[in-house]
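Subject: Structure for your review

Dear colleague,

Please find the structure below. My findings on its secondary-structure packing follow it.

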Amino acid sequence: MDLYSIILENKLTLEALYTLAISLICAVIVIKTDRFFRLSLHQGIRYFRNAFFFYGVAFIARYVFGLLSDLNFEPVYIAQMIFEYFIVMAGFFLFYSLIWKKFESSKQKSFSSLFNVRILIFHLMAILIAVLDYLWGSYDFMFFSQMIIFLIACMIAAMNLGKNYGKHKFPKFYLAAMVLSLGAWALNFLAETFFNWDFSILIGISVINILFFLLFLYGVIRITKTKSNGSKET
Amino acid sequence: MAAKKRERLDVIKDILQTIRQNREIKPTRLLYASNLSPQMFKEYINELISKNFIKLDIDENEKKTFSLTKKGQDFLQEYKMIENFIENFGL
């Protein structure tokens with residue numbers, strides 16, 4: 001029996017393990033970065049933490065959505081819309097963590113990072129994307145919104161890499177993570193539009209997604225293990 | 001060339017470091033050392049007190065001094081780590 005057949009036969013178990021792995025990775029990142037935020041009150045860290053909180057919830061919603069689809073449960077669209085809202089918001093938060101300084105002052109007093117005027121725009125966009133995809137019966141609005149933000153995120157990450165070249169080690173992994181995510185969203189679009197959700201492509205997307213989260217986990221753990229006197233370069 | 005404008009995090013670190021170096025410091029001396037306007041200084045100090053990073057002690061002669069709390073000490077120890085995190089992740 002080849003690997004593909006084994007994966008196909010154990011699809012449900014593997015889906016559960018995949019969701020569990022990503023949720024755990026997100027939980028670790030949220031806990032570690034929450035501590036940093038509480039100490040520093042840095043808005044960028046706050047948005048970054050929110051991104052992984054939303055990713056964790058989105059992947060749990062995705063799993064529930066899959067289960068409901070398999071059970072032919074009628075109002076499955078609710079789970080689909082919840083999943084879309086959370087994953088789109090996660091992408092927006094990650095993107096905004098890179099550009100927030102252009103819109104907010106670092107000396108500004110701390111306010112809610114979930115409900116403020118700027119983030120309200122993201123909430124409205126995410127809800128609109130989820131509703132439009134439901135009405136259109138596709139995922140195109142989600143795919144395109146994420147491809148656009150990750151394309152811009154790739155450019156910002158490339159600029160950050162240039163700025164920090166030789167100074168820090170993680171920016172190249174950050175750029176790799178952004179390229180992987182852009183690739184995953186593009187593959188999702190291709191799988192939906194041209195390959196009728198071909199299972200082998202979906203396996204590839206899952207592998208890319210795991211790599212994306214592992215890269216961030218690696219970065220967070222590596223930096224939180226750095227000695228406070230900065231003896232270990234990151 | 002103009003000096004780089006200090007980030008909020010740097011200002012907090014500078015204030016806490018000054019207090020740690022002196023163990024206890026009078027408000028006026030801390031204001032001078034912080035290189036902030038009185039208004040900004042007041043905002044930072046209020047925030048640091050409300051976040052329990054520093055505490056204001058008043059003795060029997062009404063003499064006021066600032067000192068670091070455990071949380072403030074922790075912040076200084078982890079400051080380098082947080083700075084690394086922000087730079088590595090482009091935040």
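Predicted model: local features only at pLDDT ≥ 70, side-chain atom pairs only at ≥ 80, totals over all residues.

Residues are numbered from 1 along each chain as its sequence is written, while chains are lettered from A and ligands numbered from 1 in the order in which they are written.

Within chain A, helices α6 (residues 140-163) and α7 (residues 170-193) cross at roughly 160°, and their axes come within 9 Å. Helices (H or I, at least four residues) and strands (E, at least two) are DSSP runs, numbered from the N terminus; axes are lines fitted to C-alpha atoms, for helices over the stretch in contact, and angles run from 0 to 180 degrees between N-to-C directions. The crossing angle therefore makes α6(A) roughly antiparallel to α7(A) (over 145 degrees; 65 to 115 would be roughly perpendicular, under 35 roughly parallel, and the rest oblique).

A:Phe36, A:Leu39 and A:Ser40 make the contact from α2(A), and α4(B) contributes residues including B:Phe75 and B:Ile82 (contact: C-beta atoms, placed from the backbone, within 7 Å).

In chain B, strands β1 (residues 54-58) and β2 (residues 64-68) pair in the antiparallel sense over 5 bridges (pairing requires at least two bridges found by DSSP). B:Lys55 stands opposite B:Ser67. The two strands form a hairpin with 5 residues between them, and B:Glu62 in the turn has a positive phi of about 65°.

Yours sincerely

Methods
Contact = placed C-beta atoms within 7 Å.
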